[in-house]
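User: I would like to learn how to read the features of a model, one at a time. Please give me the general idea, then the case at hand.

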Amino acid sequence: MSELYVSNHPLVVHKLSILRKQETGPKKFRELIREIAILLACEATRDLETLEEIVETPLGNADGQLLKEKIGLVPVLRAGLGMVEGIWELMPGAEVWHIGLKRDERTLEPVTYYANKPVEPCVSVCLILDPMLATGGTAVATCDLLKEWGVKRIKYIGLLGAPEGVKRLQDAHPDVSIYLGALDRELNEHGYIVPGLGDAGDRQFGTA
Ligand code: URA
């Protein structure tokens with residue numbers, strides 16, 4: 001069974017509460033997504049490997065450590081886009097691979113409409129960025145695709161999850177750790193997380 005981390009960090013729970021509010025407009029919504037994504041990425045990257053290095057300070061030598069791993073950030077279009085920029089600033093050496101998966105409104109199953117990665121991927125870990133882990137169909141399909149591309153280590157970062165989506169992802173990919181801002185109660189009949197925050201894409205891009 002994969003690791004499930006649900007944040008209880010005061011900054012995350014505070015920002016998530018404002019994010020969920022119906023009256024929060026797109027500009028504030030985007031700011032909050034960016035900030036929460038950064039806080040969750042700190043947790044998700046806790047186990048990245050570093051290389052020891054002696055660094056010269058103005059006053060002498062210090063034992064330093066530099067990041068050893070090459071990271072791939074994988075935003076799932078379109079709602080994952082708002083999670084990229086802030087995390088990318090923390091790790092500017094990361095590659096960003098875009099995956100476009102949308103849910104078929106009738107079956108609620110994912111359909112790939114865009115996938116862009118380097119010809120020869122050389123990352124040691126990929127962070128999937130998608131705010132809503134709802135049915136889990138998109139998350140499973142994204143992991144399937146990354147594994148087909150040869151990615152060995154995958155972590156999933158989402159803002160909210162439903163128990164159904166977490167279970168589906170854990171069953172299909174027990175090696176993928178999941179990092180969430182909160183785990184909500186359930187899915188409704190349209191596959192939306194309840195209480196959730198509505199449609200994360202529409203709320204970011206003002207298309208509701
Ligand atoms: N996608 C969303 O944007 N919101 C949900 O609640 C579920 C999937």
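User: Which residues are in contact with Leu-19, leaving aside its neighbours within four places in sequence?

Analyst: Contact means heavy atoms within 4.5 Å. On that basis Leu-19 is in contact with Thr-24, Phe-29, Leu-32, Ile-33, Ile-36, Leu-159, Leu-197 and Arg-203, neighbours within four places left aside. Keep the source in mind: this is a predicted model, where local features need pLDDT of at least 70, side-chain atom pairs count only at pLDDT 80 or more, and totals for chains, interfaces and linings use all residues. Residues are numbered from 1 along each chain as its sequence is written, and side-chain values use heavy atoms, with hydrogens and water left out.

User: Where is Thr-24 placed, and what does Thr-24 touch?

Analyst: Helices (H or I, at least four residues) and strands (E, at least two) are DSSP runs, numbered from the N terminus. Thr-24 sits in the loop between α1 and α2. Not counting residues up to four places away in sequence, Thr-24 touches Ile-18, Leu-19, Phe-29, Leu-32 and Arg-203.

User: Is Thr-24 buried or exposed?

Analyst: Buried means under 20% relative accessible area, exposed over 50%, partly exposed in between (1.4 Å probe, protein chains only). Thr-24 has 11% relative accessibility, so Thr-24 counts as buried. Phe-29 is at 0% and therefore also counts as buried.

User: What does Phe-29 touch, not counting residues up to four places away in sequence?

Analyst: Phe-29 lies in helix α2. With those residues not counted, Phe-29 touches Leu-19, Thr-24, Leu-197, Ala-200, Arg-203 and Gln-204. Now look at Phe-205. From C-alpha to C-alpha, Phe-29 and Phe-205 are 9.2 Å apart in space, yet 176 residues apart in sequence.

User: How many residues has the largest nonpolar core?

Analyst: A nonpolar core is a set of buried Ala, Val, Leu, Ile, Met, Phe, Trp, Tyr and Cys residues joined through side-chain atoms within 4.5 Å. The largest one has 35 residues, and Leu-19, Leu-73 and Ile-157 have the most contacts inside it. At least two residues of this core come from each of α1 (10-20), α2 (26-44), β4 (71-77), α3 (84-90), β8 (125-129), β10 (154-161) and β11. The largest share, eight residues, is from α2. A second, separate core has 22 residues, including Val-74, Ile-128, Leu-146 and Leu-180.

User: Which backbone oxygens does the side chain of Thr-45 reach?

Analyst: A polar contact is a pair of N or O atoms within 3.5 Å; within protein, one must be able to donate a hydrogen and the other to accept it, and residues adjacent in sequence count only if both atoms are side-chain atoms. The side chain of Thr-45 reaches the backbone oxygen of Ala-41 at 2.7 Å and that of Cys-42 at 3.3 Å. Thr-45 is in the loop between α2 and β2 (50-57). At 18% relative accessibility, Thr-45 counts as buried.

User: How do I read an aromatic pair?

Analyst: A pair of aromatic rings is described by the distance of the centres and the angle of the planes. Rings of Phe, Tyr and Trp (its six-membered ring) pair if their centres lie within 6.5 Å; planes under 30 degrees apart count as stacked, over 60 as edge-to-face and the rest as tilted. The structure holds two such pairs. The ring centres of Tyr-5 and Tyr-179 are 5.8 Å apart and the planes are at 45 degrees, so this pair is tilted. The pair links distant parts of the chain, 174 residues apart: Tyr-5 is in strand β1 (residues 4-6) and Tyr-179 in strand β11 (residues 177-183).

User: In what sense do β6 and β7 pair?

Analyst: Two strands pair if DSSP finds at least two bridges between them. Strands β6 (residues 98-103) and β7 (residues 110-116) pair in the antiparallel sense, over six bridges. Lys-102 has Val-111 as its bridge partner in β7, and His-98 has Asn-116. β4 and β6, by contrast, pair in the parallel sense over two bridges.
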